[in-house]
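Take a look at the sequence and the fold below. This briefing walks through a few of the details.

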Amino acid sequence: MSKTAYRLCSAVAAAAVAAAALTGCSTTESETTADGLTKVTLQLQWFKQGQFAGYLAAVDQGFYKEQGLSVEILDGGTDIVPQTVLAQGQADYAVAWVPKALASREAGAGITEIAQIFQKSGTKQVSFKADNITGPADLRGKTVGNWGYGNEFELFAGMTKAGIDPAKDVKLVQQQFDMNAFLAKDIAAAQAMSYNEYAQLLETKNPATGKLYTADDFSTIDWNDQGVAMLQDALWANTEKLQDTKYQEQTVKFLVASLKGWAFCRDNLDKCRDITVAAGATLGAGHQQWQINEVNKLIWPSPAGIGTIDKTAWDRTVSIAKSTKNADGATVLTKDPDAQASTSEYVTKALEQLKAAGVDVTGASYQPTQVTPTEGGK
């Protein structure tokens with residue numbers, strides 16, 4: 001990605017946050033359905049897919065309804081910043097990566113993390129094995145792809161840790177949200193999520209063999225292994241509205257149902273695959289099954305209980321966000337987040353209710369399924 005592109009992304013993000021700060025909604029009145037359920041909206045950070053299966057399952061299985069809620073799940077996209085939508089009062093809750101959301105908060109968005117769903121990072125940098133890129137140091141002099149929009153922080157942190165200057169020592173390329181440029185060998189090392197783009201590679205035929213690519217064809221850099229993993233999918237609430245008792249109570253109910261949805265998808269992979277496909281996922285059932293299985297690996301086991309905000313992982317994310325510079329020499333954060341940036345109050349209450357109801361909130365015995373990729377993810 002060029003410096004101009006990075007500046008453009010930064011400018012767009014800053015404008016969005018400024019708008020959020022100016023137009024933040026302060027009302028706490030909630031609409032209800034004809035049968036008395038409280039209407040709630042959840043803003044996703046991407047389109048409906050296995051990444052969000054727990055929330056889709058909570059709708060499908062009636063878990064939100066059990067809590068007196070009617071939840072509408074809003075698709076995300078490249079032009080939607082979920083934390084901005086939340087800060088503007090256009091959604092009641094949002095899913096967003098922690099460093100992106102904290103950057104928005106520092107710029108004025110009134111958002112607070114209420115639960116940390118993913119305990120590990122799902123981001124990889126993928127290369128063809130023949131290129132011998134086995135770690136961040138091997139990226140020097142290579143064409144390196146990334147999506148931008150705040151998805152590049154771990155990549156930059158990994159390169160910086162390896163002594164590589166992202167502005168000088170690699171050729172940064174703005175990567176589309178697919179793997180086409182990588183497969184065409186226009187990018188030597190491409191960004192991929194373990195549950196999405198990496199699967200797309202394994203669902204593609206190798207023209208040299210006529211068979212699907214396998215993991216043996218690629219090398220991956222896993223940022224968890226490199227010590228620069230940052231917290232990703234978390235649930236966020238509106239900071240101002242959290243001052244209201246009704247919204248506080250609604251937040252606990254929302255978390256109870258959402259976490260129950262994720263526990264359901266841990267134990268019912270095939271059913272959640274079908275739920276996700278029925279919800280309108282673009283890619284097919286095979287891809288969604290892979291995706292949910294990989295997402296489960298990022299969540300489970302959760303020794304302290306699903307949704308708990310791990311202080312060590314939070315502090316590492318903040319430290320990287322304060323110290324890693326982008327191509328323009330700017331860091332994600334300039335200071336530590338304030339005390340209202342996160343709270344464990346509501347997820348703690350939700351976990352207590354779930355445990356009392358007999359729901360396994362730790363998944364101590366969780367074992368992932370072996371999912372075989374299918375051509376085109378069908």
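This is a predicted model: local features need pLDDT of at least 70, side-chain atom pairs count only at pLDDT 80 or more; totals for chains, interfaces and linings use all residues.

Residues are numbered from 1 along each chain as its sequence is written, and side-chain values use heavy atoms, with hydrogens and water left out.

- Ser258 is in helix α9 (residues 245-267); helices (H or I, at least four residues) and strands (E, at least two) are DSSP runs, numbered from the N terminus.
- Ser258 has a relative accessible area of 0%, so Ser258 is buried (buried means under 20% relative accessible area, exposed over 50%, partly exposed in between, with a 1.4 Å probe and protein chains only).
- The side chains of Ser258 and Tyr64 are joined by a polar contact of 2.8 Å (a pair of N or O atoms within 3.5 Å; within protein, one must be able to donate a hydrogen and the other to accept it, and residues adjacent in sequence count only if both atoms are side-chain atoms).
- Leaving aside neighbours within four places in sequence, the contacts of Ser258 include Gly54, Tyr55 and Leu235; contact means heavy atoms within 4.5 Å.
- Thr276 sits in helix α10 (residues 269-278).
- Thr276 is buried, because its relative accessible area is 0%.
- Beyond its neighbours within four places in sequence, Thr276 touches several residues, among them Gln49, Gln288 and Ile292.

**Helix α11**
- Helix α11 (residues 285-299) has 15 residues and reaches 21 Å from its first C-alpha to its last, close to the 21 Å expected at 1.5 Å a residue (1.5 Å times one less than the number of residues).
- α11 is mostly covered, with 13 of its 15 residues buried.

**Backbone features**
- The peptide bond from Trp300 to Pro301 is cis, with omega near -5°.
- Pro301 lies in the loop between α11 and α12 (311-323).
- Asn132 is not a glycine, yet has a positive phi of about 55°.
- Asn132 belongs to the loop between β5 (123-128) and β6 (143-146), and is exposed at 57% relative accessibility.
- Lys185 also is not a glycine, and has a positive phi of about 70°.
- Lys185 is in the loop between α7 (180-183) and β8 (190-193), and is exposed at 56% relative accessibility.

**Cavity**
- Rolling a probe the size of a water molecule over the atoms shows where empty space is left.
- The largest cavity is lined by residues including Trp97, Phe153 and Met230 (on a 1 Å grid over the protein atoms alone, a cavity is a set of points where a 1.4 Å probe fits but cannot get out; lining residues have an atom within 4 Å of a point).

How values were computed:
On a 1 Å grid over the protein atoms alone, a cavity is a set of points where a 1.4 Å probe fits but cannot get out, and a pocket is an open set with protein on both sides within 12 Å along at least five of seven lines; lining residues have an atom within 4 Å of a point.
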